[in-house]
Amino acid sequence: MAKAKADGRTMVAANRKARHDYLIQDVLEAGLVLTGTEVKALRAGRASLVDGWGEIENGEAWLHGVHIPEYSQGTWTNHAPRRKRKMLLHREEIERLEARTREKGHTIVPLALYFLDGRAKVEIALAVGKKEWDKRQALRERQDNLESQRAIRERRDR
């Protein structure tokens, strides 16, 4: 488990693929309603956000598809690994997300799962799916940027 001591965040899981697959428009931080064994499994540094998404149902924000494996020392009180979990957001944030996700192509995607001052938080983003050519173009731009930086460094070192 990597620690970021500057801001008090202890990172548990990150969804690096989301920034490749989606165009991120807005980023929010939400609390999570978890059971005891889920928190213990997260503290052990085990979770996967790859298949996760967010949804607004009846004025409440829910996180679906996030995999938090069962706690190894849990008993019959263990949790279901892929159950839906409630996200804690302000009413205005929920209403804004609900309005934006009604638009075609918009979705809520989890970007990171971490502990902030002992509380489990999830960083969610309002995102639009990228087309295949968008992904190729982004990779090409990143590669061109790296090559130009490398050329500038080589010139400077001569």
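Reader: Leaving aside neighbours within four places in sequence, which residues is Thr37 in contact with?

Author: Contact means heavy atoms within 4.5 Å. By that criterion, and with neighbours within four places in sequence set aside, Thr37 is in contact with Tyr71, Thr77, Asn78 and His79. Thr37 lies in helix α2; helices (H or I, at least four residues) and strands (E, at least two) are DSSP runs, numbered from the N terminus.

Reader: Is Thr37 buried or exposed?

Author: Buried means under 20% relative accessible area, exposed over 50%, and partly exposed in between, with a 1.4 Å probe and protein chains only. Thr37 has a relative accessible area of 10% and is therefore buried. Buried residues make up 35% of the 158 residues in the protein.

Reader: On what basis do these values rest?

Author: This is a predicted model, in which local features need pLDDT of at least 70 and side-chain atom pairs count only at pLDDT 80 or more, while totals for chains, interfaces and linings use all residues. Residues are numbered from 1 along each chain as its sequence is written, and side-chain values use heavy atoms, with hydrogens and water left out.

Reader: Which residues of α3 are buried, and why do they line one face of the helix?

Author: An α-helix has 3.6 residues a turn, so residues three or four places apart point the same way. In α3 the buried residues are Glu93, Ile94 and Leu97. Seen down the helix axis, they fall within an arc of 100° (taken from the directions from the axis to the C-beta atoms), so they line one face of α3. These residues pack against β3, β4 (53-57), β5, β7 and β8.

Reader: Which residues touch the most other members of the largest nonpolar core?

Author: In soluble globular proteins, nonpolar side chains tend to be buried together. A nonpolar core is a set of buried Ala, Val, Leu, Ile, Met, Phe, Trp, Tyr and Cys residues joined through side-chain atoms within 4.5 Å. The largest one here has 25 residues, of which Met87, Leu97, Val122 and Ile124 touch the most other members. Elements that each supply at least two of its residues include β3 (22-32), α3 (91-101) and β8 (119-129). The largest share, four residues, comes from β8.

Reader: What does Leu97 touch?

Author: Not counting residues up to four places away in sequence, Leu97 touches Leu28, Ile56, Leu89, Ile108, Ile124 and Leu126.
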